Amino acid sequence: MKILDRYVSQQVLITGLFAIGVLSVVLVLGNVFKQLLELLVNHDAPLELILSFIAYILPFSLTFTIPWGFLTSVLLVFGKMSAENEITALRSSGVSIPRVCVVVLVAALVCVGTCLYINLIVAPQAQVKMKDALYNIATNNPLAMFGSDKVIDQFPGYKIYVEKSHGSELENLLVYKQAEEKAKVPFAPMQVIHAHRGSLETEAAEKRILLHVYDGRYEQRDDGDPNDLMKLKDGIIMKESTLPISLVELYEKNKKRRGITTLTVGELIDRLNAGQLDPDPKKQLQMKTAAMTEVSKRFSFSLASLAFGLIGVPLAITAQRRETSIGFLLSLIVAFVYFLFIIIADSFKNSPKAHPELLVWIPNFLFIGLGLYMFYKLSRK
């Protein structure tokens, strides 16, 4: 039996590591291009930023790729063993299906423990550092934020559109200075500047950038009703002007952006124990439900490997296909259904009446129950 355990464990381990590696590369590269595509195209993203971003996004990706890769390895290994009649030979020798799968159960528990550690502690911390890395682009290299044909809204109080950029030289600008959050019309465009040309200058000591605009036209909206264009004060022409944009406020804004997904499970529990999350009772209940749902989701999601292992073995043996493409297709279908349940349940996190903290456990109950039933039916054959 040691030979059997060694054989199955080697196959599952090698195939699983390969599947996790491939899936992680796909997800990591997808996130890198999603977040940094424009910087990569403009050649403004430093190598250390890309490498640090990859290091921070990897733990978050592993929360998906570890259970998905484990499912893929189980389907491929046991599908091949079934297609080559190895399972039939083992059963003819008196070896039961549950005995063959002892190694799979141990591997599933190891994956569950690893996912628990990542979901509860590592991934939230990495997500905070990933967001910090993106904001460091603006604080350390603000010129990289100004690309061609894009709206720059990372700087609090401003929205800036640039049609073309050539390094620090800009063409055709629209600069909107917004009202404060406590204003009568929050974030409304109070001042608008149209400029044909512009240039950027960084003042690191003062922690700000200077936006120089040339050949521009200045508009001032009405303080009481900024959306009423009839009250627009238009016609001020300026040859040259300079707008100082503070980076300190950007940094402070980043520190306040921590949501529940960036909190470790200990911090989430402390927030729940604190009691008063918001003066408004309705928002208080919503925030409490959202925090409880996040805690439940992380524990529930960590059990995905066990659920996938229980449903993967009988599914692979029943399918009896050795083709790698079939194994990947089956894993894609199973993982998609499971993750879809989680996403749907998480979408109700602001609806206390739906009890989303309980809904996130439904896919585990379904998959584990279905897996146990399929195991029972398979062992009775």
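The structure holds zero disulfides (cysteine sulfur pairs within 2.5 Å). This is a predicted model: local features need pLDDT of at least 70, side-chain atom pairs count only at pLDDT 80 or more, and totals for chains, interfaces and linings use all residues. Residues are numbered from 1 along each chain as its sequence is written, and side-chain values use heavy atoms, with hydrogens and water left out.

**Cysteines**
- The closest cysteine sulfur to that of cysteine 111 is in cysteine 115, 6.3 Å away, too far for a bond.
- Cysteine 111 counts as buried (under 20% relative accessible area; exposed is over 50%, partly exposed in between; 1.4 Å probe, protein chains only), at 14% relative accessibility.
- Cysteine 115 is buried too, with a relative accessible area of 1%.

**Helix 12**
- Helices (H or I, at least four residues) and strands (E, at least two) are DSSP runs, numbered from the N terminus.
- Helix 12 covers residues 362–380, 19 residues in all.
- Its expected span (1.5 Å times one less than its number of residues) is 27 Å, and the end C-alpha atoms are 27 Å apart, which agrees.
- Its buried residues are Pro363, Asn364, Phe367, Gly371, Met374, Phe375 and Leu378.

**Strands**
- Strand 2 (residues 158–166) and strand 3 (residues 169–178) run antiparallel, joined by eight bridges; pairing takes at least two DSSP bridges.
- Histidine 166 stands opposite glutamate 169 of strand 3.
- Strand 3 also pairs with strand 4 (residues 189–203), antiparallel, over nine bridges.
- Lysine 177 has glutamine 191 in strand 4 as its bridge partner.
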